[in-house]
Amino acid sequence: MENKFFDWQWNDVDAVIYPFAAGEEPCAGIKDLYDALKAKNVLEEKAGKITTSMYQKDGKINDVVFVAGAETVDEKFCNGLARAYKYLKGRKAVTIGFNFKSVVDNDKKFSRILGELFTMADYEFDDFKTDKKESTVKELYFKGYEHDEALYAEGEVLGQQNVFARVLVNEPANIMNPAKLAKYAKEEGEKHGVEVEIKEREEIEKYKMGSYLAVASASANDPKLIIMRYKGNKASKEVLGLVGKGITFDSGGLSLKPTDGMLTMKCDMGGAAAVISAIIGIARLGLPINVTAVVASTDNMISGTSDRPGDIVYSMAGKSIFIANTDAEGRLTLVDAVTFALQEEKATKLVDVATLTGAAIRALGTTVTACISNNDELYGEIEGCFKDTYENIWRMPVFDEYKENLKHSQADLVNSASPGMQGAALFIGEFVGDTPWAHLDIAGPAFTNKAAALHGEGATGAAVRPLIELAKQLSK
Ligand code: BES
Ligand code: ZN
Ligand code: ZN
């Protein structure tokens, strides 16, 4: 999709998007239509709402979409723009003109957000449908605001990486297994200057990743330890470690999930998709920072070689773990990935991203990332990055009593401490030491059964844009 910023005219396009601010006269060319819609009481004036119509001018009929809420560039208004775009895509528009004359709050960031919006709204998961909806949209024309081409291009990168994560998550688990995930990471990573190393079972055994291997023990698919390195600042010893949960399917293991709970568990590599896609985005933007992504990928299945409730295993860090519930598998894989990031990759800051607990969903709902962090400064940075990319985050409290629950009479740690979300996070926390660390539980926002302005049903690409933004902030 091309984008051009110039004083386009009615005859240059076949569809027009008019954002308007409350109480503001629309531009002269479209005032008749605006007044008529208003008189008929069908003009939607609530921020983010759209009104669709057609209009004839200069002998040409164009689709027209009004978007309310232009007085503030915020999530609502931007979602309205995305909805208007999707509507026109459905109308088989080829060239869409945006007249941003009314955008009052003309923030610099707006160009970046525009680049993100249309890229994200464009993707649909129809790979397995015979009837595919090909987009007809070729060009987006803009006018009426302070356009920044470089920021628009940056927004497109963020949008494309959000989409890439969604592609990875949406592929069903009969196709997206650890080997396929590793292949995607390697091919896409190397295309963009990221060094990618895949470690096979023998090497994983050599590192004594007993916790990770316990989860992998039931699977017919070999585990793949995926390591991606981007060295954007060779003079610095600082390394941002991104660790993603990469369970390509979570059946629960012998602590089997009921069918309903299992149905969407292809999403359990949403954290892996986020960090894999984010590091590629960071490389594409050429940010002056060192980043390593680590994903201990496997699926969590059942077989004669499964790990069992009651098993005791040793993690790479040497701590013994009592497996009370094989469905609390994510943390078992994550702690070995965290140890690897610290010991082998010398990460100096850590962010782990995981579809980790049902408890995070019960606490905050389906659209909010739950965070636990041992570092106020790092959390502050992360919160800002979520805000800037219109994703929700909430920091969860930690009390000393919670740490007591991690203890077990037969081993150093138990893998299912309460309360659910904090117990899982603090379990990982036992392996990070003093390293500044933030844990992002994306069980809620990673996957949805409700289509929204920027994504359809299924994967959402949660956390990808905030992570890229974080690398940008940390490299300043
Ligand atoms: N992958 C699940 C968490 C999850 C649930 C993600 C719903 C997305 C949507 C995780 O492995 C899990 O099963 N967690 C258990 C832990 C419990 C057994 C201690 C949970 O949250 O119930
Ligand atoms: Zn599980
Ligand atoms: Zn899981």
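In this predicted model, a backbone N or O atom of Gly358 lies 2.7 Å from an oxygen atom of ligand 1, a polar contact in the sense of a pair of N or O atoms within 3.5 Å. Side chains make such contacts as well: an N or O atom of the Lys245 side chain is 3.1 Å from an oxygen atom of ligand 1, and one in the side chain of Asp268 is 2.9 Å from a nitrogen atom of the ligand. On its own, ligand 1 has 530 Å² of accessible area, of which the protein covers 79%, as calculated by the Shrake-Rupley method with a 1.4 Å probe.

The shell of ligand 1 holds 17 residues, among which Asp250, Lys257, Asp327, Glu329 and Gly358 come nearest; a residue is near a molecule if one of its heavy atoms lies within 4 Å of it. At least two shell residues come from each of strand 9 (240-250) and helix 11 (358-364), helices (H or I, at least four residues) and strands (E, at least two) being DSSP runs numbered from the N terminus.

Strand 12 (residues 320-322) pairs with strand 16 in the parallel sense over two bridges, and Phe322 stands opposite Val414 of strand 16.

Most residues other than glycine have a negative phi, and most peptide bonds are trans. Ser418 and Pro419, however, are joined by a cis peptide bond with an omega of about -5 degrees, and Pro419 is found in the loop between strand 16 and helix 14 (420-429). Tyr390, in the loop between helix 12 (376-388) and strand 15 (392-395), has a positive phi of about 55 degrees.

Residues are numbered from 1 along each chain as its sequence is written, while chains are lettered from A and ligands numbered from 1 in the order in which they are written. Local features in this predicted model need pLDDT of at least 70, side-chain atom pairs count only at pLDDT 80 or more, and totals for chains, interfaces and linings use all residues, whereas side-chain values use heavy atoms, with hydrogens and water left out.

Conventions. Pairing = 2+ DSSP bridges. Polar contact = N/O pair within 3.5 Å; in protein donor to acceptor, adjacent residues only side chain to side chain.
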